[in-house]
Amino acid sequence: KQEKQPDGEPTEWDDMDVDSLRQAVLDLERELERASSDRGRAQAEREAARTCRDVVRRRVGDAAASAAAGDDDAETRAERRWSELGAYTCKASHLSHLRSRRLEEARLDLEGAVEEEGRCH
């Protein structure tokens, strides 16, 4: 009995044997896992940036309210310095997170290259 060919254009999967298809599935699952991990890191980074922005806005608002209330100039400068310090702290945290993410990406790329090299030999 002859198998009926599905309608549509041929795909890269049509001529693969079962073992090749299984390996392709494993590769696609790893790629999906990596993409999910990247998405999670991006969401965490976005949330950290949003939190930093909110903290800085609140501190700037506090400093502006303090200045409007007639606090002396020294206190206003101190509040401004705290706001700047908060912004720099958030930026340093963000850069540290970004560095960690890039190191993780490099590690995953290296693992992928090692796996690929292992398959070639």
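1. Let's start with E45, which counts as buried because its relative accessibility is 13% (buried means under 20% relative accessible area, exposed over 50%, partly exposed in between, with a 1.4 Å probe and protein chains only). E45 sits in helix α1 (helices are DSSP runs of H or I with at least four residues, strands are runs of E with at least two, and both are numbered from the N terminus). Leaving aside residues up to four places away in sequence, E45 touches H94, H97, L98 and R101 (contact means heavy atoms within 4.5 Å).

2. A word on what you are looking at: this is a predicted model, where local features need pLDDT of at least 70 and side-chain atom pairs count only at pLDDT 80 or more, while totals for chains, interfaces and linings use all residues. Residues are numbered from 1 along each chain as its sequence is written, and side-chain values use heavy atoms, without hydrogens and water.

3. Now follow R101 to E105: the two form a salt bridge, with their closest N and O atoms 3.3 Å apart (a side-chain nitrogen of Lys or Arg within 4 Å of a carboxyl oxygen of Asp or Glu). Salt bridges with shared partners join E45, R101 and E105 into one network. Both R101 and E105 lie in helix α2 (residues 73–120), four residues apart, about one turn of the helix.

4. Back in helix α1, D38 and R41 are three residues apart, and their side chains meet in a salt bridge of 2.2 Å, N to O. R41 counts as buried because its relative accessibility is 14%, whereas D38, at 30%, counts as partly exposed.

5. For the whole chain, there are two helices and zero strands, and buried residues make up 10% of the 121 residues.
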